[in-house]
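Colleague: I would like to learn how to read a model of this kind. Can we take it feature by feature?

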Amino acid sequence: MKPKIAFYWCASCGGCDEAVVDFAEDILGVVEAVDIVMWPVAMDFKKHDVEAMPDKSIVATLLNGAIRTSEQEEMAHLLRRKSQFMIAYGACAHLGGIPGLANEFSREQVIRWVYQDGPTVVNPEATRPQTESQSNGDTLTLPRVWNLVRALDQVVDVDYYIPGCPPTPKITKAAITALLEGKLPPKGSVLAPDVALCEQCSRKSTKPANLSFTEFHRPHQVILDSEKCLLAQGVVCMGAATRGGCEAACPSGNMPCTGCFGPTSRVRDQGSKMLSSLCANLTAKDEKAIRIALDGIPDPVGTFYRYGLAKSMLRRKVNLPADEAVGVKR
Amino acid sequence: MNPDSQKVWNEANQRANDAAQAQRRRVTVDPITRLEGHGKIDIFLDNQGDVEKAYLQIPELRGFEVFCIGRPAEEMPQITSRICGVCPTAHHMAATKALDDLYQVQPPPTARKIRELVYNAFMLEDHALHVYILGGPDFIVGPDAPKEERNVVGVIQKVGLEVGKKVIGMRRQLRELIAYFGGKVIHPVMGLPGGVSKGLKAEDLPRFKQVAKDGLEFALFTLQVFHDIVLKNPRYVELITSDAYTHRTYYMGQVDEQNQVNFYDGQIRVVDPDGREYARFPAQKYRDFVAEHVEPWSYVKFCYLKPLGWQGFQEGPQSSVYSVAPLARLNVTESMPTPQARQAYQEFYSTLGAKPVHHTLANHWARVVEMICAAERMVELVNDPDITGTDLRCLPTKKPSVGIGAVEAPRGTLFHHFETDARGLIERANLIVATQNNAARIAMSVEKAAKGLIKKGQVTEGLLNMVEMAFRAYDPCFGCATHTLPGHLPLAVSIYDQNHELLKELVQS
Amino acid sequence: MNSSIPQADTWQPRIIAFFCNWCTYTAADLAGVSRLKYAPNVRVIRVMCSGRVDPQFIVQALAQGADGVLLGGCHPGDCHYAEGNYKTLRRFEMLQRTLADLGIDKERIRLEWISASEGDRVKSVINEMTEEVRRLGPLELPDKQRQWDQEMDQIEEAVKASEAEAAHVA
């Protein structure tokens, strides 16, 4: 009997599911080897099909997307119960991902802009989506949007992580192969090389031993050389604080790495580690010159924590309310 | 009978009748699949068992417009592409054009052509996916075919393994082209204000010329497949032209100076249900024409034509609902800008009747016509001597404040609007995502299909597929499913009575 | 760490300090030997150089319940390892901006250059900072994070209930 695998998505863009499709011809081999029992983007298995399965009968669930709504959280719990291994697939499940940037804002701020203050919204009655609403005598329900964006392991116990936004077909295949051959590393491992991206970058030889910055350039302000180390060109390339595995895809498009694979195992908070490394290498020695140089990184949260805010040590902008009634009934 | 007993009996009878009258039956389809994201459909039956109302609900929200605040504008192409991993290139390009507007710079000719080349490659591969894997099975295999076959496996059985491999292989090559310029195909990195990050080396050109040539052949082949399997089948033609899938609404699309469709750039044109031009405006003026309506039962907002006001989920002369994407674009364009696409376009209308065509399922055919157009455009661009040029950037010098850009995503017109401070950090952002433009019409299509098909409380497998087809024709992108695996729509229909007792459950799996 | 929510009259600011061995730590020693009295709210951690302080330490201290973090190092030009304190200065500036964007008042982290002979400066800086943090109030991040996560409790209960039901039915 073929091992059962499930794919599911939460607060996701679909790119991780698309990454599996990008196996291209190799997808046929995967279909041969496993029994896919859930994949809402492509298959017809329903929630009650999964509920009917015995616990732990799914060998592995690859769940992508962050957890932002009550429905997503419920599904994470359900699949956790039914699976031997729960694998956080992609940056959103691993670290919170780009949707995690919403942790810099309150839910009220989001709801108010989207449904009332946006320039194209016409909503004089200030209607907002409700977890329960009445229409024509009938009751309609929606899941609740939580205040926080969470990575998967902030909600359920996670066995492994496959990083990337999205993960490459190569590391996904390697992970699935390891799973099927029973050759998995210790629980909690991130299934990608444990080296900084610089190791895999074709520009490695041009990275100076002693990097120093007189200033930082934003990518649209300069023309980038396609062969020279991007840090050496004065742009912020997160590769130095980012786990390898993608073989420097973004630098191959002549743009800097933005950190989507997350940190190596030796770093707890990717954002502050990169901040530390970059800033230490400034040439400026007095406060005024330092401030001017640092103005070249005008959005430190978005630069250093682009994918990892939800899993950072602070997790969220700390002075936002714990919970708010935003016209959504419990 | 004793008068007191009679009275008691009458009252009891009245109560029983009232209860029966008030009885509501509810059919829930949860979840819909082959969307990027989540969706569910709630159908309410009256006491005759006919459909009274149906709702397509989108149950999620991420809040991109808000968490873009404070981010540098030049990061918008890469951040907004995370709205959708199936059409990231559409968001990437719309944001890049908004940056051009923000900094008042135009890309040099080589850069513009590279953008167009990538964009047309993306349109071609994304449309191919929908035609063969998503929507295609409904026609290539048939809406009545057993559900086990109504997926790509069935498609391959019908058209052959060689064709299946051709589809997969063609998409892979097109996506490799996108990754060449964009670093990655899912969430590319190439877009910058006034240009692109990477050029085309002369030694790589022959490979891409071959890809473009193969792409055009493939698009024409797809049209042939569509002819042989769909158009030659009178049942399918009848289905496409049936009333259950017809809506008379306005249509919106992007056109060039000759009023011909251009996916990458142009002005926005809207025609009314009779095909007369209603409006023509640059993307910068979108707020004069596009407004969003909110309902409490869905997180998605519904777009409508602002000057006409929200008139509800209805079609016809009073309606302000409009539609986008392949059918709409064909209805809006005066003709196709490339020769073979033009032929296909002419055949489309001579078969289906005068413009505009209001048959939702004709989107599938229009999509194939657009594949040909995208492929021909790719061939033009790879043969343009500018394409290997080295002038890729026009560096911004002006102070930023407002930038608005629009493209035609595969699923419709997409608007990106950014306002920044003097440093170019986002202060406000507004995004009208392609499927939002269709949201009202999709909701109407689902309801109309449900009403047309569910009678007297009879819920069958056929229903499930027909309701499915009503939204799948739009290839909705708050879900863009693009997978090569058995793609039945997983539908479970649960029928409850007023007391929430489960009466019947049907599962399509 | 004691994580009960502090009462207004009993709460005391808790400040973690990283003092460089050669300058500030020596100055703190001097303050002690000189019997200078200063606020008891600071827990001192000795490092060999202020440049040793990884910003992760500062963020972690705050995340684990500190109300403020104080860094003490040698005056610019006097670093025992030549350049270490410049690195501190550069990192500190950026960290302060980042934390401010995440809702943490700038005054909760402070960098001071205190040489070995400036025992009295240790006293005045600690006293000042304690009062500043007292004015700002408790940060209490562990408690905040627990409060944020309370919204998930209702789901936990619902999940447990439906699992129990499923087990009962099965």
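This is a predicted model: local features need pLDDT of at least 70, side-chain atom pairs count only at pLDDT 80 or more; totals for chains, interfaces and linings use all residues.

Colleague: Which way do the residues of strand S10 (residues 302-305) of chain B point?

Modeller: In a regular strand the side chains alternate between the two faces of the sheet. Here B:Phe302 and B:Tyr304 point one way, and B:Cys303 and B:Leu305 point the other way. All are buried. A residue is buried if 20 or more other C-beta atoms, placed from the backbone, lie within 10 Å of its own; it is exposed at 12 or fewer and partly exposed in between. Strands (E, at least two residues) and helices (H or I, at least four) are DSSP runs, numbered from the N terminus.

Colleague: How many bridges join strand S9 (residues 290-293) of chain B to S10(B)?

Modeller: Two strands pair if DSSP finds at least two bridges between them. S9(B) and S10(B) have 4 bridges and run antiparallel. B:Val290 stands opposite B:Leu305 in S10(B).

Colleague: Which chains share the most contacts?

Modeller: Two residues are in contact if their C-beta atoms, placed from the backbone, lie within 7 Å. Of the 2 pairs of chains in contact, A and B share the most contacts. That contact takes 75 residues from chain A and 82 residues from chain B. H1(A) gives the largest share of chain A's side, 6 residues. This side divides into 41 nonpolar, 20 polar and 14 charged residues. Ala, Val, Leu, Ile, Met, Phe, Trp, Tyr, Cys and Pro count as nonpolar, Asp, Glu, Lys and Arg as charged, and the others, Gly among them, as polar.

Colleague: Why is chain A called as compact as a globular protein of its length?

Modeller: Compare its radius of gyration, taken over C-alpha atoms, with the globule rule: 2.2 Å times the number of residues to the power 0.38. Chain A has 22 Å, close to the 20 Å that the rule gives for 330 residues, so it is as compact as a globular protein of that length. Of those 330 residues, 56% count as buried.

Key
Residues are numbered from 1 along each chain as its sequence is written. Chains are lettered from A and ligands numbered from 1 in the order in which they are written.
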